[in-house]
Amino acid sequence: MRVGIYPGSFDPITLGHLDVIKRSAKLMDELIIGVLQNSSKVPLFSAEERVKLIEKVVSDIPNVKVEAFDGLTVDFAKKRNATVIVRGLRAITDFEYELTIAQTNHKLDEDIDTMFLTTSVEYSYLSSSIVKEIASYGGDISKFVPESIVDLVRDKYKIRRSE
């Protein structure tokens with residue numbers, strides 16, 4: 001059984017992420033979306049909230065699971081019997097960074113390989129950071145995130161502004 005991990009912050013999940021999830025799920029028997037609890041970032045949504053958002057968005061893809069994790073991605077992959085780490089590439093600058101991480105992960109565990117998927121052209125510019133920037137100013141994010149979470153992202157910013 002081929003098990004893959006697609007790790008990331010997903011804060012929030014974008015249509016670009018969803019594109020990579022759908023495409024990589026077709027290549028795996030099981031795909032686990034690993035929601036990273038990154039101590040160096042201050043997320044908009046907690047790890048638990050991000051897991052719930054992603055579960056909502058991928059509920060129609062039967063071989064996809066969503067879990068939060070912290071620590072090294074290769075350790076998470078080993079615990080889940082995954083042999084593939086999936087990474088999306090938007091531009092050459094992503095490749096340079098991701099290649100270094102992939103080589104390091106392979107050095108840490110030679111049984112785990114990284115598979116790169118280039119994002120579909122219509123999402124090549126898209127990032128969670130861009131979505132958060134637009135949402136923070138009350139802009140329309142409906143072209144960037146799944147429809148089912150648009151209001152949840154907007155509401156998060158309304159809560160933050162009222163605090």
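Visitor: Where is the place of P12?
Guide: P12 is in the loop between β1 and α1. Helices here are DSSP runs of H or I with at least four residues, strands are DSSP runs of E with at least two, and both are numbered from the N terminus. Please note that this is a predicted model, in which local features need pLDDT of at least 70 and side-chain atom pairs count only at pLDDT 80 or more, while totals for chains, interfaces and linings use all residues. Residues are numbered from 1 along each chain as its sequence is written, and side-chain values use heavy atoms, with hydrogens and water left out.

Visitor: Which peptide bond is cis?
Guide: The bond from D11 to P12 is cis, with omega near 0°. As a general point, most peptide bonds are trans, and most residues other than glycine have a negative phi.

Visitor: And what is phi of F10?
Guide: Phi of F10 is near 50°, a positive value in a residue other than glycine. F10 is placed in the loop between β1 and α1.

Visitor: Is F10 buried or exposed?
Guide: F10 is buried, with a relative accessible area of 4%. Buried means under 20% relative accessible area, exposed means over 50%, and partly exposed lies in between, using a 1.4 Å probe and protein chains only.

Visitor: What does H17 touch?
Guide: Not counting residues up to four places away in sequence, H17 touches Y6, F10, P12 and S128. Contact means heavy atoms within 4.5 Å. H17 itself is in helix α1 and counts as buried, at 16% relative accessibility.

Visitor: Where does N81 lie, and what is its phi?
Guide: N81 lies in the loop between α3 and β4. Its phi is near 60°, a positive value in a residue other than glycine. N81 is exposed, with a relative accessible area of 60%.

Visitor: On to pockets. How much space lies in the largest pocket?
Guide: The largest pocket holds about 1100 Å³ of space. A pocket is found on a 1 Å grid over the protein atoms alone, as an open set of points where a 1.4 Å probe fits, with protein on both sides within 12 Å along at least five of seven lines; lining residues have an atom within 4 Å of a point. Grid points are joined across faces, edges and corners, and the volume is the space filled by probe spheres set on the points.

Visitor: Which lining residues are closest to its centre?
Guide: Of the 42 residues that line the largest pocket, G8, S9, K41, R87 and E98 are the closest to its centre. The elements giving two or more residues to the lining are β1 (3–8), α1 (15–25), α3 (73–79), β4 (84–89), α4 (92–108) and α5 (128–136).

Visitor: Which element gives the most?
Guide: That is α4, with nine residues.

Visitor: What is L31 in contact with?
Guide: Leaving aside its neighbours within four places in sequence, L31 is in contact with residues including I5, Y6, I21, V64 and V86.

Visitor: Which residues are buried in α5?
Guide: S128, V131 and A135 are buried in α5. Seen down the axis of α5, its buried residues fall within an arc of 60°, so they line one face of the helix. The arc is that of the directions from the helix axis to the C-beta atoms.

Visitor: What follows α5?
Guide: α5 is followed by G138, whose phi is positive, near 75°. Y137 is in the loop between α5 and α6 and is exposed, with a relative accessible area of 67%.
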